[in-house]
Amino acid sequence: MLKSLKIENYALIRSEFLEFENGFTVICGQTGAGKSMILQALGLCLGQRADKDVLFDKDKKCVCELVFWLQEDKRKLFEDNDLDFENETVFRREILPSGKSRAFVNDTPVQLSQMKEVADYLIDIHSQHSVLDIGNKDFQFSVVDAFLQNGDLAKQNGVSVGQNAVLLQQYGVLFHRYKEDLSQLSQVEKSLEELQKDNAYTTYVYEELAKAKLQVGEQTEGEQRLELMESAEEVRENISECLSLFEREDYPAILPNLLQVKNLIDKSSRTSEKMKELAERTESSLIELKDIFADLQGFAESINFDAESLQTLRERLELIYDLERKHSVSSVEELLQLQEKFSQSLSNTEQLTERKAELEKQIAFEQKELWDLANEIFAQRTQAAKLVEQGVKQILEHVGMQSAVLKINISQSADLDQNAACKIEYLFNANKGGEERLKQVEKTASGGELSRLMLAIKTLLSERRNLPAIVFDEIDSGISGETASKVADIMHRISKNTQVIAITHLPQTAAKADFQFKVSKNEADNQTETKVELLSFEQRVWEIATLLSCGNPTEASLANAKELLAQKIK
């Protein structure tokens with residue numbers, strides 16, 4: 001239930017604190033007294049927008065604070081929104097002089113959208129403009145679905161309440177997944193189409209590069225080897241001359257002479273440390289020169305190339321040069337990177353093709369499951385619509401619309417959608433011959449008729465939804481007399497299940513309430529200020545008599561007011 005509303009520095013309200021009780025509460029007051037300000041301040045706490053122009057004192061912040069007393073069944077709602085749950089839950093809005101706004105739920109800062117989302121499960125504000133919701137398809141479905149979720153059909157069909165309620169939940173979860181899969185499939189198909197546009201070229205280039213069997217570093221190595229092969233004869237001649245200088249008989253040779261030098265030094269190394277050092281160095285040089293001699297011999301043997309090998313190497317390098325020119329690169333490494341790129345592209349094509357097939361299979365399965373659920377939901381909604389029609393008719397008859405007929409048409413569409421492939425239409429006629437003259441509800445009913453029709457629907461919803469509170473803003477506007485009294489009876493009936501707060505001008509409504517607030521304007525110190533007070537029984541008599549007299553109460557209106565207050569709800 002709604003426990004209290006604190007308003008500070010808002011519009012014409014300096015500071016007010018309203019405490020509410022369970023049951024039926026009315027807020028009365030002359031036109032322009034500020035009743036709408038109470039509703040607006042309430043709306044601020046529920047996530048509505050505001051600006052700094054609402055400040056009573058422009059130098060101070062505005063604070064509106066709404067306190068609910070909630071049962072444990074609302075805990076999951078808060079947990080799902082990552083909010084702390086308290087039985088005494090506080091919604092608070094602050095509007096700073098700068099125009100900035102802050103919102104809190106149980107002292108946790110929240111976005112307005114989150115505040116509104118949570119509040120929608122706690123309180124329903126029905127303004128004069130809310131009657132337009134009756135033509136809204138989402139609202140129309142929500143009314144019918146309330147009968148599925150509440151178990152009205154379960155009582156008729158012998159199934160559990162959960163079976164009916166879970167159908168919509170299952171469909172909603174599966175439809176969300178289905179839409180995500182459709183979106184993924186669309187993305188996959190788009191990517192696949194883009195890849196396949198160049199697929200023939202990609203395949204050709206990849207196969208050409210793969211066939212070349214390129215190796216990292218082979219170009220540099222091949223170019224060096226080609227240079228050697230092309231100068232092999234000259235190199236061999238130079239090596240041969242070098243070898244003859246190392247060992248030859250007709251000319252002083254390096255190795256024999258160095259060996260002779262070593263032997264001569266060795267003879268003196270026993271008597272001189274210096275000669276010993278030189279002997280060791282000569283020995284090292286001799287060993288090194290012998291190694292060089294052996295390497296020259298080996299290298300000379302290795303460069304014995306034939307013409308075929310030379311041609312093969314030239315052709316290999318020419319292939320590499322051709323590929324580099326063709327693809328505007330300058331190295332084998334870049335060609336290999338290009339090959340890897342095209343390989344990945346072809347691999348992506350294969351993966352996307354496989355993913356597409358998986359998604360198509362998955363979507364086909366989901367479609368079948370969704371249609372099975374949609375068919376069952378359609379059958380359930382068709383039955384629920386009849387219950388809504390019957391319930392509305394009974395209430396409308398009670399409020400003076402004996403000939404009124406509401407017809408809810410449920411039909412199936414060819415496509416799956418968020419409404420379980422169902423179409424809905426509310427047809428209405430408030431006059432005799434209703435069945436033959438039905439038209440779309442928003443096109444046929446007057447303002448007063450729509451208000452009573454919406455009241456009937458809200459009554460049915462309040463009995464099926466676990467909603468702590470509902471606020472009616474002059475829903476009884478445009479009616480009077482016995483009809484007004486019966487409308488008040490309906491609001492009192494709703495208050496048996498849901499706390500009701502009604503803003504009204506009608507004495508019949510005020511008299512049927514359990515509690516009554518009066519909103520009035522006071523002028524002091526050249527300022528106009530709106531005040532709110534909870535009326536005692538005697539004050540209520542006077543206020544209701546004022547409403548009856550449309551001005552100063554008369555003895556007759558005072559007696560009438562006492563009689564109205566004394567009557568019991570039948």
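Okay, some housekeeping. Residues are numbered from 1 along each chain as its sequence is written, and side-chain values use heavy atoms, with hydrogens and water left out. As it's a predicted model, local features need pLDDT of at least 70 and side-chain atom pairs count only at pLDDT 80 or more, while totals for chains, interfaces and linings use all residues.

So how confident is the predictor? pLDDT is its confidence in each residue, from 0 to 100. The protein chain averages 84, and 88% of the residues score at least 70. Over residues 158-162, though, the pLDDT is below 50. Beyond near neighbours in sequence, that stretch has 9 contacts in the model, a contact being heavy atoms within 4.5 Å.

Now the sheet. Helices (H or I, at least four residues) and strands (E, at least two) are DSSP runs, numbered from the N terminus. Here 6 strands form an open, antiparallel sheet, in the order β2-β1-β4-β5-β6-β7. Strands pair if DSSP finds at least two bridges between them. At the edges sit β2 (13-19) and β7 (108-109), each pairing on one side only. Look at β4 (residues 62-69) and β5 (residues 88-95): 8 bridges join them, and Cys62 stands opposite Ile95 in β5.

Two helices lie across these strands. Helix α1 (residues 35-45) covers β1 (2-10), β2, β4 and β5, at about 105° to β1. Angles run from 0 to 180 degrees between N-to-C directions, using axes fitted to C-alpha atoms, for helices over the stretch in contact. Helix α3 (residues 112-119) lies across β5 and β6 (101-105), at about 145° to β5.

On to the helix pairs. Helix α15 (residues 447-462) packs against α16 (residues 481-494) at about 20°, axes 9 Å apart. That makes the two roughly parallel, the word for angles under 35 degrees; over 145 is roughly antiparallel, 65 to 115 roughly perpendicular, and the rest oblique. Residues that meet include Arg452 and Leu455 in α15, and Val487 and Ile490 in α16.

What about α18 (residues 537-549) and α19 (residues 555-566)? Their axes come within 8 Å and cross at roughly 120°, so these two are oblique to each other. Among the residues in contact are Phe537 and Trp542 of α18, plus Leu558 and Leu565 of α19. By class, this contact has 10 nonpolar, 3 polar and 2 charged residues. Nonpolar means Ala, Val, Leu, Ile, Met, Phe, Trp, Tyr, Cys and Pro; charged means Asp, Glu, Lys and Arg; the others, Gly among them, are polar.

Note on methods
pLDDT = per-residue confidence, 0-100.
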